[in-house]
Amino acid sequence: MAPLLLVLLAAVCFGTTGTAQALGAPEVSAFSLGSARLALGGTLLGAWALLTGLRRRGARGYSQKPAPDAVRLRRPNRAQLGLIALGTLGVLLYQPLFFAGTAGSGVAVGTVLALGSAPVLTGLLQWALERRFPGVSWGVATAIAVLGVGLIAAAGAGDSGGANLAGIAASIGAGASYSIYTLSAKALMNRGWSADGTMGMVFGVAGIASIPLLLASGAEWMLTPAGLATAAWLGVVTTTIAYLCFGAGLAKLQAATVSTLTLAEPLTASILGLLVLREQLAGLEALGLIVLAAGIVVLVLGSTAAFQRFSPATKTRLAVNGTTTGTAPAAAGIHPDADSAERQQR
């Protein structure tokens with residue numbers, strides 16, 4: 001249950017982004033805000049991972065073998081470097097593709113297309129790579145959630161001025177970018193990397209790469225009190241804290257399950273828009289949010305019910321490693337470790 005709650009907490013943090021922009025920096029371009037968010041949050045994640053790795057190594061003593069994640073954080077092999085590069089590319093591509101999608105199709109439609117396509121693409125890619133269906137709970141919950149996203153998109157279509165093919169392609173590309181960095185991070189964790197080490201490496205590299213993009217887009221807005229507060233919230237809460245929770249949940253759950261759970265982001269954004277920004281909610285949007293919430297509830301209940309059926313020994317093994325020898329965890333969205341045999345060989 002804890003991994004599910006961590007991912008939902010991450011999604012809630014993600015969902016505060018739009019409200020923070022509206023309250024603190026409404027005139028700043030989305031590209032500049034995204035660059036600031038990634039530059040600050042990514043470098044903080046990288047620093048956190050480095051400090052955590054050094055602390056773990058020091059706790060074991062210099063005369064003993066360092067913790068595996070601390071070693072690999074500094075000396076990844078060629079395959080791990082490839083996964084880091086792929087994950088970083090996904091993180092970096094997500095921002096411009098997302099913004100291009102909202103520019104071409106409107107904010108409402110572009111956002112829900114990007115977020116709605118991500119769990120479907122992640123599940124399909126995971127299925128293709130691991131040759132294992134993500135599970136019945138994932139399939140049912142994702143279908144319900146995507147229906148809710150579609151209703152929200154239909155409600156916002158009237159305000160978008162009409163979606164165009166380029167905007168739709170960009171939004172789906174953003175969803176694919178999300179899938180790429182999620183699956184890359186999961187693959188690193190399956191190879192022995194810690195959750196914070198994985199998030200720190202992937203987002204740390206992306207954060208450093210975002211610094212020149214931030215400077216080129218204009219960072220003067222960060223010198224005002226409101227701008228500084230907005231950048232701090234976006235960097236610390238919606239990126240550093242959010243992705244630490246995201247990574248901790250991803251370490252124990254399937255990537256497809258995590259991707260579906262993060263659909264709580266548009267749900268959070270809509271609720272905050274109603275309560276904080278006093279926005280109006282159309283009937284179709286309200287129905288879409290209810291359906292979307294129902295899909296998330298189905299996934300949480302399905303995963304929780306399956307977890308409760310396991311024996312105490314299996315629960316302990318899942319809590320420690322996210323592994324099991326049974327088939328129920330896959331159906332529930334709990335990830336059986338694809339690389340357990342590789343670890344045993346090492």
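Visitor: How are the residues numbered, and which pLDDT do local features need?
Guide: Residues are numbered from 1 along each chain as its sequence is written, and side-chain values use heavy atoms, with hydrogens and water left out. In this predicted model, side-chain atom pairs count only at pLDDT 80 or more, totals for chains, interfaces and linings use all residues, and local features need pLDDT of at least 70.

Visitor: How many helices and strands are in the protein chain?
Guide: Helices (H or I, at least four residues) and strands (E, at least two) are DSSP runs, numbered from the N terminus. By that count, the protein chain has 16 helices and 0 strands.

Visitor: What share of the residues of the protein chain counts as buried?
Guide: Buried means under 20% relative accessible area, exposed over 50%, and partly exposed in between, with a 1.4 Å probe and protein chains only. The protein chain has 346 residues, and the buried share is 51%.

Visitor: What share of the contacts with a separation of 6 or more comes from residues 24 or more positions apart?
Guide: Contact means heavy atoms within 4.5 Å. Among contacts in the protein chain with a separation of 6 or more, residues 24 or more positions apart account for 82%.

Visitor: Are α1 and α10 roughly parallel or antiparallel to each other?
Guide: Axes are lines fitted to C-alpha atoms, for helices over the stretch in contact, and angles run from 0 to 180 degrees between N-to-C directions. Angles under 35 degrees count as roughly parallel, over 145 as roughly antiparallel, 65 to 115 as roughly perpendicular and the rest as oblique. Helix α1 (residues 2–15) and helix α10 (residues 225–250) have axes 8 Å apart and pack at an angle of about 160°. The two helices are therefore roughly antiparallel.

Visitor: How do the residues of the contact of α1 with α10 divide into nonpolar, polar and charged?
Guide: The contact includes Leu6 and Phe14 of α1, and Tyr243 and Phe246 of α10. Ala, Val, Leu, Ile, Met, Phe, Trp, Tyr, Cys and Pro count as nonpolar, Asp, Glu, Lys and Arg as charged, and the others, Gly among them, as polar. The division is 13 nonpolar, 2 polar and no charged.

Visitor: How many disulfides does a search of the whole structure find?
Guide: A disulfide is a pair of cysteine sulfur atoms within 2.5 Å. For cysteine 13, the closest cysteine sulfur is in cysteine 245, at 6.1 Å, too far for a bond. Cysteine 13 is buried at 9% relative accessibility, and cysteine 245 is buried at 10%. The number of disulfides found is 0.

Visitor: Which residues does threonine 19 touch, not counting residues up to four places away in sequence?
Guide: Threonine 19 lies in helix α2 (residues 17–24). It is buried, with a relative accessible area of 9%. Its contacts beyond those neighbours are Leu272, Val276 and Leu277.

Visitor: What separates the C-alpha atoms of leucine 86 and serine 184?
Guide: Leucine 86 is in helix α5 (residues 78–105) and is partly exposed, at 41% relative accessible area. Leaving aside neighbours within four places in sequence, leucine 86 is in contact with Ile180 and Ser184. Leucine 86 and serine 184 are 98 residues apart along the chain, and their C-alpha atoms are separated by 6.7 Å.

Visitor: Which phi does arginine 131 have?
Guide: Arginine 131 is in the loop between α6 (107–130) and α7 (136–160). At 77% relative accessibility, this residue counts as exposed. Although arginine 131 is not a glycine, its phi is positive, about 55°.
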